[in-house]
Amino acid sequence: MTSAVTTRGLWQVFGAGAKAALTRELQRGAASEDVASVLRAEGLIPAVQDASIDVGEGELFVIMGLSGSGKSTMIRSISRLAEPTAGEVIMQGEDLLKASKARMTELRRTKLGMVFQHFGLFPHMTVIDNVAFPLKVRGMGRKERHEKVREIIEMVGLAGREDAYPRQLSGGQKQRVGIARSLAGDCEVWMLDEPFSALDPLIRRQLQDEFLSIQEKLKTTILFITHDIAEALKLADRIAIMRDGRIVQIGTPTEIVLNPVDEYVREFARDVPKGRHMTLAEVMEPLNGAVPTDGPELSTSMSLEDALADCALSMQPMAVKDGDGKVVGLVRPELFARALGAQG
Amino acid sequence: MSLVADLPITGRMKRGTLAGLVVLAVGVLCLLLEKSVPWLSVWPEAWTIPATQWIGDGLGWVLNGIKPVMRFVSWLLEFPMNGANWLLKSIPPLILIGMVTALGWILGGWRMAALGFLGLLFVLGSGYWLESMSTLALVFVSVPLALTMGLGIGILAYEYPSVKGVVNATLDVMQTVPTFAYLTPLLLLFGFGPVVGLIASAIYAAPPMARNVLLGLERVEAEVKEAAVMSGGTRRQQLFLIELPAATTQIMVGINQCLMAALSMVIIAAVIGGFNDIGWEVLLTMRKAQFGQAFLAGLVIVVFAVVIDRMSRALAVEHKARDWRPAAGLFAVSVVAWLVTLGSLPAPAEFNWFGGVAERVDQSVGDFTAANGARLDAVKNGAMFYGLLPLRIGLDQAVLPFTWGFAWTPAMSLWFFAVAAALSVAVFLTGREALAITIACLAIVIETGVANLPWPFLLTAVGALAWVASGWKLTRLCVILLALILISGLWERAMLSLYLSGAAVVACGVLGGLLGLWAAVSVWAWRVLEPVCDMLQTIPLFVFLIPVLMFFQIGEFSAFLAIIAYAIVPMIRYTRHGLVTTPPDLIEAATASGATGWQMMREVRLPYAMPTILLGLNQTILYAFAMLVIAALIGTTGLGQSIFLALGQADVGLGIAAGAAMAILALVADRLVQGFASQQRAALGL
C-alpha cells in the first residue's frame, strides 16, 4: 500500500508569537512533550503536537479523540484551513504547506474534499447549487455542472430535492448535501470532520452504512474525524487516538481494543462490547490431542459474539476451524468468560 | 475557613468603599477650601489653552487646502441631486403613489401596500408634496453614497484585521459626535446649500451600514466559510459568492438603519436652509409659532419615516417571492386614476385637506394653554425651581425668597450637611457602605449644584468610578479625556450639558425602568407600550421638539421633556427584555423553592436582568446626548448651544471643539456603564 497522505512533525500552536517560540524550542531539540509544556507556560496553546501519520492509498483512516483533543485542528492543518505552525503534509510527493495560495486553491478544486460537522451548507443556494459550487468556482457553465452533479445527488439519495433550500431539509438530508458537495470535485483525499455527530442515532447508523457503500464504490483515501469509539471501530481500517494534541496510539480497531497503550485508550475501549471485535483466533487454545467432533461450526474469523450465540448451551470444548476447514484450536466456555470479563 | 472564603467579597467591597471614601474626602476638602482657594471650584481662565482657536486655525488651514477638490465634488453631486429632484417632482403624485403602493405589495403584501398608499396620500393631502420631494431627493442621492461607502468600509474592515480596529474606533467616535458638529466643517468646505445636507447625511448614514456589513460577515458560520474555501473558491469568489450573500439578512438591517439615519440627518440639515424641504418647513413654522402647521409638517416627516422604515425592514424578513401581477395592477390603476383626473386635480402644492386640522390644532392648543396655562406653568415652574435649578446651581443659590419663600443661609447649609452626614454614618454602620457614601456625595452635589461642582471632586469621582468599574486603564482614559475639556476652557458649558442630560437620564432611568417593569409583568401593558416605543424610535429627532414647544414654549424644561421622550425608549425596552428573558429553569427553581411573584422578581429576575438593564441605561445616555444638541434649537445652554452657535457663525474651531467635548462626555459615560455591565455579566457567569 503506497501512502496517499503523510504528515511529519505537524505542529499547530495558537497565540501571539507562536511560530517564533516553536522554532526556538524545536531547535533546542527537546522532546515534544517538553516543548509543549514550555509553550503552554508561555501562554500559547499547542493544539496539535508533533503529529505524524501515514495514510495509505484507499485507506479509511479515523482520527479519534474527545473534544479539545486537537482532532479537528489536525484535519484543518492538513487541509490548511488553519495554517500549521511547523511540519510537513505530503500528498503525492508534494508538501502542501509549501504550496502557494493559488496552488492550494487548485488542489482543493481537484484533489481535496471536505465534509463538516454542522454541514456548512450555503444558506442562499438550493441543493443542486450547493453541490455544484465546487464546479462553479472552476468556471464550469451552469447547465454542464448541473448535469454533472445529478448523478452524485442520486447516489446520496437526494433525487427530487434538487431545488430545496438547506433550511427546508432535515439534518440527515443536510449532511447528504454536504457529502455530495465534497464529492462533486472528484476528490482523491476525502476529509470528514465528525460528519455524523450532529445527527440522531438512527439516522447516524443509516448514513454510516451508506457512507461505507459509497467508499466501497469510490475507493478514495479517507480521513475521518470522530469522538465516537463505536463509529471509529465500525468504519476504520486504522485509528489514530489523540489526546491533548498528541497522537497516543495508531492501530487497527482490534489492536486498539485489545492492546490499548495506556489508561486513556483503555478508558475508551472500556465500554466497547469486546465480543464484537475479538475473534475466536485470539482466544482459542491450541489442540491438545482429541478433536471434538460434535458441536457447532466455529471458525477462526468468527467474533466472540457470534460464536457465543451458537454455543451458549454447550459445556464441552469445541473445535475451531480455519478458513480451509481444518481444525486448528479449541474453545471452552470459560475462555469466553475470561476474554469478555477480563477488562470489563 | 470562613475567613478565607469571605476574602474575595470583602476585598471587592473594600475596593468600592476605598474609592468612595477618597472621593468623599476630596469633596469635603474642596468644600472647606472653597473660599480660600478659588481655583478649586472654578478653573482659572489663565490656565486654559486656546484649543478652540488652534482647532479652528488648524482645521481651517486643512479645509482650505482641500476646498477646491471638495467644491468640485459638490459641483459633481449637484447633477444627481438636481436630477432626482426634477424626477421626483415631475412624476405625477398619483403615479408615484401607485408605484410606492405596488412596491409595498411586493415587499410586504397588502398591509404594506396599504401603508404606502395611505401614507403618501396623506403627504399629498397635506400640501407638502413638493417639500417632501425635495427631502426625498436628498435621501435618494445620499443613501446610495452611504450604502456604497458603508459596504466598502465594512468589507475592508472584515478583510484586513488591522483596518478593523481603526474603523471600529472611528465609527464609535462618529456615533458619539453630535450631528450638528458635522455640519460646520462641511459648511466651510461646500458652502451654504443642499449639498452640505446631502454629504452630511451620507457621512452620518454610512457607519450603521458598515457596522452591519462587518457584523453580518463575521457572523457567517465558520463552516460555511470553510466549505467555500474547501470547494476551491478564490478569496474573491468566497466573498462575493458565499459570504456576502450569506450575510444578506444583517446587511438588510444595515440598509434599513442607513435609510433612517439618512432621513434623520437630511431633516436636521434643514437648519442650514436653502432647499425648501420639509425639515425647513417645520423649522420655519415652529419659529413663527404656527404650531398647527409645524405639527402637520412634523406628521409628514413621521409618515415618511414610518413608510421607509417598515418597507425597508420588510427587506430583512424572508418571504416567498410574491406574484408581481397585483403590483402591476396597482400601478395600472394609478395610471388610470391619473389619466381620469388629468387637468381636474389641483397642483400638488395646493392641496389643503388638513388645513382645518392644523387650524383646529392651533385653536385647541391655544384654548388648552389659555385654560390650563396656570397649571402648565405650575408644572413647569415646579420642576424648574424645585428640581432642575437646585440640581444645576445648588441649593445655596437656587433657594431664594422669590421661589422658595425663604433664603438659604450658611447655617442651613451646615444643618443640611449635618443631617446628611448623620444619615450617611447611620447607613454605614448597618454595613451598606456604598449606599452611605452615595448619600454623602449626593448631599455635596445637591448643595453645590452640578454646574458649580469643584473640578477636582468631579475628576476624582469619575476616576474612582472607572477604577471600580474596570481598573486603572479606564481611570486614566476617563481622567485624561475630561482634563482635556477642563484645559480647553469648555468645562463650564460641559457641566451645563452634563447637568441637563444627567437629569434627563435619571428621569428616564426611573420612569423607563418602572415602565419596563410594568411591561414585563403585564402582557397587556407591553401591547400598548411596544407600538409607542416603535414609533418614538422611528421619528426623526427634530420632530420631538414640536409637541413640547406647543405646551411649554422655549426653554430648558421643554428641552428636558424632549430629551426624555426620545431617550426613554431603550430603558423601557432593555428593562423589559432583561426581565422577561430570565431562563425558565431559574424561574422553575425559584418557584420550587417557594418564592412569591415579588420575591422572584427581586431575588431572581432583577439580578439576572441587571447587565441588560445597564446596557439599556447606556443607550439612554447616548440618546440623551444626541437629543441634547438638537434641543439646543429650543433653548438650552451648554455645549449644544455652542455647537449650534458655531454653525450659525461657521466657526469650525468652536463647532468641533464643543462637538468633541460632547463626544468625550458621551464616551466616558458609555465606558463607565459598559464597565459595570460587563462586571455584572462576569459575576453572573454570562
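This is a predicted model: local features need pLDDT of at least 70, side-chain atom pairs count only at pLDDT 80 or more; totals for chains, interfaces and linings use all residues.
Of the 344 residues in chain A, 42% are buried. If one takes the contacts in chain A between residues at least 6 apart in sequence, 67% of them join residues at least 24 apart. Chain A is divided into two domains, of which domain 1 is made up of the segments 56-76, 101-111 and 187-272, while domain 2 covers 275-341. The C-alpha centres of domain 1 and domain 2 of chain A lie 32 Å apart.

The contact between the chains comes next. Chain A contributes 20 residues to this contact and chain B contributes 16 residues. On the side of chain A that touches chain B, at least two residues each are supplied by helix 4 (101-110), strand 6 (112-115) and helix 5 (127-136) of chain A, and the largest share, three residues, comes from helix 4 of chain A. By class, the residues on this side of chain A are 10 nonpolar, six polar and four charged.

Which elements cover the buried residues of helix 4 of chain A? The buried residues in question include A:Thr105, A:Leu107, A:Arg108 and A:Arg109, and their cover includes strand 6 and helix 5 of chain A together with helix 8 (222-230) of chain B. Seen from the other chain, helix 8 of chain B has B:Glu223, B:Val224, B:Ala227, B:Ala228, B:Val229 and B:Met230 buried, and what covers these residues includes helix 4 and strand 6 of chain A as well as helix 9 (235-246) of chain B. Just after helix 8 of chain B comes B:Gly232, which takes a positive phi of about 90°.

Within chain B, two pairs of helices can be followed in detail. In one pair, the axes of helix 4 (residues 129-159) and helix 10 (residues 248-268) of chain B come within 9 Å and cross at roughly 135°, so that helix 4 of chain B and helix 10 of chain B are oblique to each other. The crossing of helix 4 and helix 10 of chain B is right-handed. Among the residues that helix 4 of chain B brings to this meeting are B:Leu138, B:Val139, B:Ala146 and B:Gly150, and among those from helix 10 of chain B are B:Gly254, B:Cys258, B:Leu263 and B:Ile267. The residues of the contact of helix 4 with helix 10 of chain B comprise 12 nonpolar, four polar and no charged.

In the other pair, helix 6 (residues 179-190) and helix 27 (residues 639-649) of chain B have axes that come within 9 Å and cross at roughly 25°, and helix 6 of chain B and helix 27 of chain B are therefore roughly parallel to each other. Here helix 6 of chain B passes helix 27 of chain B in a left-handed crossing. B:Phe180, B:Ala181, B:Leu183 and B:Thr184 in helix 6 of chain B meet B:Ile643, B:Phe644, B:Ala646 and B:Leu647 in helix 27 of chain B, and by class this contact has seven nonpolar, one polar and no charged residues.

B:Leu121 counts as partly exposed because it has 16 C-beta neighbours inside 10 Å. The C-alpha atom of B:Leu121 is separated by 34 Å from that of B:Ser74, these residues being 47 residues apart along the chain.

Chain B is itself divided into domain 1 (53-89 + 138-318) and domain 2 (452-686), and the centres of these domains, taken over C-alpha atoms, are separated by 24 Å. Their contact takes 35 residues from domain 1 of chain B and 32 residues from domain 2 of chain B. Among the helices that each supply at least two residues of the side of domain 1 that touches domain 2 of chain B are helix 6, helix 10 and helix 12 (291-316) of chain B, and helix 12 of chain B gives the most, with nine residues. By class, this side of domain 1 of chain B has 25 nonpolar, nine polar and one charged residues.

Key. Residues are numbered from 1 along each chain as its sequence is written. Chains are lettered from A and ligands numbered from 1 in the order in which they are written. Two residues are in contact if their C-beta atoms, placed from the backbone, lie within 7 Å. Helices (H or I, at least four residues) and strands (E, at least two) are DSSP runs, numbered from the N terminus. Ala, Val, Leu, Ile, Met, Phe, Trp, Tyr, Cys and Pro count as nonpolar, Asp, Glu, Lys and Arg as charged, and the others, Gly among them, as polar. A residue is buried if 20 or more other C-beta atoms lie within 10 Å of its own, exposed if 12 or fewer, and partly exposed in between; C-beta atoms are placed from the backbone. Domain bounds come from an automatic or database domain assignment. Axes are lines fitted to C-alpha atoms, for helices over the stretch in contact, and angles run from 0 to 180 degrees between N-to-C directions. Angles under 35 degrees count as roughly parallel, over 145 as roughly antiparallel, 65 to 115 as roughly perpendicular and the rest as oblique. A crossing is left-handed if the near helix is turned anticlockwise from the far one by less than a right angle, and right-handed if clockwise.
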